Amino acid sequence: MFKNPHNIANNTTLTMERAEEELEKRSKFLKSLIKNKKTIEQQEQHQHFNNNNVKIRACDMPLTLQNHAFRCARHLLDSMPPKKLHTKRLALTLKKEFDSTYGPAWHCIVGTSFGSYVTHSVGGFLYFSIDKVHILLFKTTVEPLDHS
């Protein structure tokens with residue numbers, strides 16, 4: 001039996017077009033699922049912030065690192081005696097935690113009133129407050145010294 005090559009080509013083109021349409025529909029569906037999931041996560045994060053009196057003042061940091069900083073700071077503040085804020089201990093502990101987890105060189109400033117102007121690595125800056133305590137956590141690049 002002889003098959004017309006023109007019909008085969010037309011069928012192949014139709015099949016490819018249908019496959020492309022199906023892929024496009026699935027891609028749109030997956031994108032909408034991802035968008036919905038991100039929206040839910042942001043709402044949960046916002047609720048978590050409100051429950052812990054966390055306010056983000058300025059940020060250039062991935063969400064996972066932000067959450068790490070919030071949890072560490074909240075834990076440290078909760079472990080301190082009431083009305084006895086140890087700003088140096090809080091700053092040192094956060095700095096060491098981030099240095100050991102994410103590599104050097106992290107810097108941390110903690111207080112109820114301070115000014116700052118810093119340069120930071122991309123993705124390594126978080127300025128937030130918990131209760132009445134303000135925390136500035138940022139990363140800088142470390143370059144080896146040239147001993148020549």
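Entry 1. I looked up the largest nonpolar core and found 23 residues in it, with Leu 90, Leu 94, Phe 98, Cys 108, Val 110, Phe 128 and Ile 135 having the most contacts inside it. A nonpolar core here is a set of buried Ala, Val, Leu, Ile, Met, Phe, Trp, Tyr and Cys residues joined through side-chain atoms within 4.5 Å. Buried means under 20% relative accessible area, exposed over 50%, and partly exposed in between (1.4 Å probe, protein chains only).

I then noted which elements give two or more residues to this core: helix H2 (63-79), helix H3 (87-102), strand E2 (106-111), strand E3 (125-130) and strand E4 (133-139). H2 gives the most, with seven residues. Helices (H or I, at least four residues) and strands (E, at least two) are DSSP runs, numbered from the N terminus. In soluble globular proteins, nonpolar side chains tend to be buried together.

Entry 2. I noted the basis of the model. This is a predicted model, in which local features need pLDDT of at least 70 and side-chain atom pairs count only at pLDDT 80 or more, while totals for chains, interfaces and linings use all residues. Residues are numbered from 1 along each chain as its sequence is written, and side-chain values use heavy atoms, with hydrogens and water left out.

The pLDDT is the predictor's confidence in each residue, from 0 to 100. The protein has a mean of 86, and 84% of its residues reach 70 or more. Confidence is lowest in H1, at a mean of 74, and highest in E2, at 98.

Entry 3. Which residues is Ile 135 in contact with, leaving aside its neighbours within four places in sequence? I listed Ala 73, Leu 90, Leu 94, Cys 108, Ile 109, Val 110, Leu 126, Tyr 127 and Phe 128. Contact means heavy atoms within 4.5 Å.

Entry 4. I checked the backbone for exceptions. Most residues other than glycine have a negative phi, and most peptide bonds are trans. A cis peptide bond joins Pro 104 and Ala 105, with omega about 0 degrees; Ala 105 lies in the loop between H3 and E2.

Lys 83 is not a glycine, yet has a positive phi of about 60 degrees. I placed Lys 83 in the loop between H2 and H3, and it counts as exposed because its relative accessibility is 90%.

Asp 131, also not a glycine, has a positive phi of about 55 degrees. Asp 131 sits in the loop between E3 and E4 and counts as partly exposed because its relative accessibility is 41%.
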